[in-house]
Amino acid sequence: VSATPPNAPFFCGKLIFGAKRKVDGDLLGHPQSILVEVVMGQLEVSVEDKPVLLKEGENLFFSGSFRYGFRNPLSREATTWLVAYPSLFRA
């Protein structure tokens, strides 16, 4: 994870997913608004058990109060931007 300096109301960071890696939404623990955009590769975003495959340049905006997770379906790294409001960082 590469992020902007900690800022209480806002988070913007780059997430790099290794080949075939996945991250559960519980790891982030963020119940507010989330925007994820694929910069390189592909990312499968599962929201309430409904998978959405995002390709380079595509994005998805959703509420973090839903059950969600991220999975890189490819055999190479995937790079994404993740924007959260309010911030993922806890005070």
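What share of the contacts in the protein chain with a separation of 6 or more is accounted for by residues 24 or more positions apart? In this predicted model, such residues account for 68% of those contacts. The protein chain comprises 1 helix and 9 strands, which follow one another along the sequence in the pattern β-β-β-α-β-β-β-β-β-β. Of its 91 residues, 33% count as buried. The protein chain exposes about 5500 Å², of which 56% is supplied by carbon and sulfur atoms.

An open sheet of 4 strands is found, with the order β3-β8-β5-β6 and antiparallel pairing. Strands β3 (22-24) and β6 (50-55) stand at the edges with a single partner strand each, so one side of each is left without a neighbour in the sheet. From one strand to the next, the twist averages 20°. Strand β3 is joined to strand β8 (residues 68-71) by 3 bridges, the two running antiparallel; here Val23 has Phe70 of β8 as its bridge partner. Strand β5 (residues 42-47) and β6 also run antiparallel and are joined by 6 bridges, with Val52 in β6 as the bridge partner of Val45. These two strands, β5 and β6, form a hairpin with 2 residues between them, and Glu48 in the turn has a positive phi of about 55°.

Strand β9 (residues 78-85) contains Thr79, and Thr80 is found in the strand β9 as well. Thr79 has a relative accessible area of 9% and is therefore buried, the limit being under 20%. Thr80 is likewise buried, with a relative accessible area of 0%. Apart from neighbours within four places in sequence, Thr79 is in contact with Lys14, Leu15, Ile16, Glu37, Val38, Val39 and Met40. With the neighbours within four places again left aside, the contacts of Thr80 include Gly13, Phe17, Val36 and Leu43. Met40, a contact of Thr79, lies in strand β4 (residues 33-40) and is partly exposed, with a relative accessible area of 36%. Together with Val39 and Trp81, Met40 makes a nonpolar surface patch of about 260 Å².

Side chains of opposite charge can pair when their charged atoms come close. The count of salt bridges comes to 4. One of them is formed by Glu44 and Arg71, whose closest N and O atoms are 3.3 Å apart. Glu44 lies in strand β5 and Arg71 in strand β8, so this pair ties together parts that are 27 residues apart in sequence. Glu44 is partly exposed at 23% relative accessibility, as is Arg71 at 30%.

A salt bridge also forms between Arg67 and Glu48, with the closest N and O atoms 3.2 Å apart. This pair links distant parts of the chain, 19 residues apart: Arg67 is in the loop between β7 (59-63) and β8, and Glu48 is in the loop between β5 and β6. Arg67 counts as partly exposed at 48% relative accessibility, and Glu48 at 30%. A network of salt bridges links Glu48, Asp49 and Arg67.

Glu56 and Arg76 form a salt bridge in which the closest N and O atoms are 3.9 Å apart. Because Glu56 lies in the loop between β6 and β7 and Arg76 in the loop between β8 and β9, the pair ties together parts that are 20 residues apart in sequence. Relative accessibility is 45% for Glu56, which counts as partly exposed, and 43% for Arg76, which also counts as partly exposed.

Conventions: Residues numbered from 1 in each chain as written. Predicted model: local features only at pLDDT ≥ 70, side-chain atom pairs only at ≥ 80, totals over all residues. Heavy atoms only, no water. Buried < 20%, exposed > 50% of the residue type's maximum accessible area, 1.4 Å probe, protein only. Contact = heavy atoms within 4.5 Å. Patch = residues over 30% accessible without salt bridge, like charges linked within 9 Å, V, L, I, M, F, W, Y side chains within 5 Å. Areas by Shrake-Rupley, 256 points an atom, 1.4 Å probe, with all protein chains shown as cover. Salt bridge = Lys/Arg side-chain N within 4 Å of Asp/Glu carboxyl O. Pairing = 2+ DSSP bridges. Axes fitted to C-alpha atoms, helices over the stretch in contact; angles between N-to-C directions.
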